[in-house]
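Hi there,

Here is the structure I promised to pass on. Have a look at it first, and then read on for what I found.

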Amino acid sequence: LALAGPAIVRRDTLSYRKLDGVLFVVDTSSGMTDGPNWPEMLTMGRFGIAALGTRPGGLIVYAGDAYVATDMTADHLQLGQTFSLLSADTVPDKGVRPERALAEAARLLEEAEVIAGDVILFSDGMGLGPEALTQTAALASLGARVSVVSPSGSTPSSEALASLGGGRVFTLQDTTALNDWLQEDARTRLEKQDVPLLFWRDLGRYGLVLALLPLLMMFRREAA
């Protein structure tokens, strides 16, 4: 009877290992890092990392090419420190190729088996052309939401990308909104995926304790 149950639904489960991770994808080209809003962009990113809670996070940087700066990790302190050190010298390749960074994000999410993740793209809209939209569609097919943090506010390209990726566009004044977005419980999105989730807490072990009480009567000493 104890092995057969009972069980109750768990409503305090905050994370599911890497099933709901977050990737921060940052444009470190000179057009971004030399702009007056770059310090605010770094601050926005650190606030976003602080809002992860138990969700793992990763960092991808790009300019003319894309690189993984931090793989998926639960060490948010190290992730935040790495984010703070981003500069124009982080990526030596000249240019702006966000599609390569988004393709790298898709690869990481597949390898980590993330099925309800978030991709937060820090971009001023440069380079968000058809190739970037194609990669965004690929990310959306993996179950990820793609959002944009834009220092210049909403642009047609950033709006198109966020709409296609099921995300939204954040400005540098939307720190609270970004935090709320990342702290949103991923349970509902995970339930929509074709994967069994352990939402139940087994109480059968407590039944075993109760079953041991009658057994104590069998160990009574008989008088000689």
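How much accessible surface does the protein have, and what share of it belongs to carbon and sulfur atoms? The accessible surface comes to about 11900 Å², and carbon and sulfur atoms hold 57% of it. Please keep in mind that this is a predicted model.

First, the overall picture. The protein has 224 residues, and 43% of them count as buried. Its secondary structure consists of 9 helices and 8 strands. Among the contacts with a separation of 6 or more, 78% are between residues 24 or more positions apart.

Now to the salt bridges. The count comes to 7, and I will go through some of them here.

One of them joins Arg-145 and Asp-118, with 2.8 Å from N to O. Arg-145 is in strand S6 (residues 145–149) and Asp-118 in strand S5 (residues 118–122), so this pair ties together parts that are 27 residues apart in sequence. Are these two partners buried or exposed? Arg-145 is buried, at 10% relative accessible area, and Asp-118 is buried as well, at 0%. The pair also belongs to a network of salt bridges that links Arg-55, Asp-118 and Arg-145.

Another salt bridge is formed by Asp-65 and Arg-100, whose closest N and O atoms are 3.5 Å apart. Asp-65 sits in the loop between strand S3 (57–62) and strand S4 (66–73), while Arg-100 is in helix H4 (residues 98–111), so the pair ties together parts that are 35 residues apart in sequence. Asp-65 counts as partly exposed, with 25% relative accessibility, and so does Arg-100, with 36%.

Helix H4 also holds Arg-107 and Glu-104, which are 3 residues apart and thus separated by about one helical turn. Their side chains meet in a salt bridge of 2.4 Å, N to O. Arg-107 is partly exposed, at 32% relative accessibility.

You will find Asp-27 in strand S2 (residues 22–27). Which side chain of opposite charge is nearest to Asp-27, and how far away is that side chain? The answer is Lys-94, at 11 Å. What Asp-27 does have is a polar contact of 2.7 Å between its side chain and that of Ser-29. Leaving aside residues up to four places away in sequence, Asp-27 touches Met-32, Trp-38, Tyr-62, Val-96, Phe-122 and Asp-124. Of these, Phe-122 belongs to strand S5 (residues 118–122), and Tyr-62 to strand S3 (57–62).

Finally, turn to the surface. Leu-212, Leu-215, Met-218 and Phe-219 form a nonpolar patch there, and together they have about 490 Å² of accessible area. Met-218 is in the segment after helix H9 (204–216), and this residue is exposed, with a relative accessible area of 65%.

Best wishes

Definitions and conventions. Residues numbered from 1 in each chain as written. Predicted model: local features only at pLDDT ≥ 70, side-chain atom pairs only at ≥ 80, totals over all residues. Heavy atoms only, no water. Helix = DSSP H or I, 4+ residues; strand = E, 2+ residues; numbered from the N terminus. Buried < 20%, exposed > 50% of the residue type's maximum accessible area, 1.4 Å probe, protein only. Lys, Arg positive; Asp, Glu negative; His and termini not counted. Salt bridge = Lys/Arg side-chain N within 4 Å of Asp/Glu carboxyl O. Polar contact = N/O pair within 3.5 Å; in protein donor to acceptor, adjacent residues only side chain to side chain. Contact = heavy atoms within 4.5 Å. Areas by Shrake-Rupley, 256 points an atom, 1.4 Å probe, with all protein chains shown as cover. Patch = residues over 30% accessible without salt bridge, like charges linked within 9 Å, V, L, I, M, F, W, Y side chains within 5 Å.
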